[in-house]
Amino acid sequence: MTASLPRQASPPDEPPRPPEDRGHMIRRRALTLLIIVLLIGVPAGYLVISANQSRDSGKDKEEKYSARGLTEEWPSRVQRRLYRVPIPGSSEQVAYYETNNWKTSRLYVQFLTSNEGLDNFLKTIGTSSDALKKDDIAISARDQRVVRWKFTGPGPWSGLRHAQKNPAPTQNIVVNWSKPGHPMVYVVSRTTP
């Protein structure tokens, strides 16, 4: 035996409603369906479009800035401090480029300095010129492509990888010694937030 709910009687002063005709029922159901589509479909569609735009925006920014390449100026003091790239004060031909994503941030820097400037730079980051290894291209091919560096010109070349525990950045360094007394230094400093 199934229980049924009591039916509410219509108020005594209201005349009884005529039964709903088929056309009215179809219009009512169509209107209900339209309301459901508008309440659910429009926000869902907006979320899909927004997510795609957000994802594409990150790719577009990366392509835009990598196409632009290195900026011929000094990185800000905050960037130099964050990535621990203390460029010697008398350096020339300074240029940089920064990339950020949710996993890793990198600062690409190049500068022309003196032998003393290089020694001071390496000492300040916690290593020394003795750590440089001849013909060691310590910057990966991937990082070279990002800023269009090619370590194929006249050398000699040397490099080192200065790894540190998080949150301190890891620096990969390549030095070109083709100008005696004025090494060209290339640095990729990587940090993980």
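I count a contact when heavy atoms lie within 4.5 Å. This is a predicted model, where local features need pLDDT of at least 70, side-chain atom pairs count only at pLDDT 80 or more, and totals for chains, interfaces and linings use all residues. Residues are numbered from 1 along each chain as its sequence is written, and side-chain values use heavy atoms, with hydrogens and water left out.

Entry one, β2. Helices (H or I, at least four residues) and strands (E, at least two) are DSSP runs numbered from the N terminus. I looked up burial for β2, residues 105-112, and eight of its eight residues are buried (under 20% relative accessible area; exposed is over 50%, partly exposed in between, 1.4 Å probe, protein chains only). Ser105, Leu107, Val109 and Phe111 point one way, Arg106, Tyr108, Gln110 and Leu112 the other. In a regular strand the side chains alternate between the two faces of the sheet.

Entry two, neighbours. Two strands pair if DSSP finds at least two bridges between them. Leu107 has bridge partners Glu98 and, in β6, Ser189. A hairpin of four residues joins β1 to β2.

Which residues of the helix are buried? I get Gly117, Leu118, Phe121, Leu122 and Ile125. Seen down the axis of α3, they fall within an arc of 130° (directions from the axis to the C-beta atoms), so they line one face of the helix. They pack against β2, β4 (157-162), β5 (170-176) and β6. On the other side, Glu116, Lys123 and Thr124 are exposed. Gly126 follows α3, with a positive phi near 105°.
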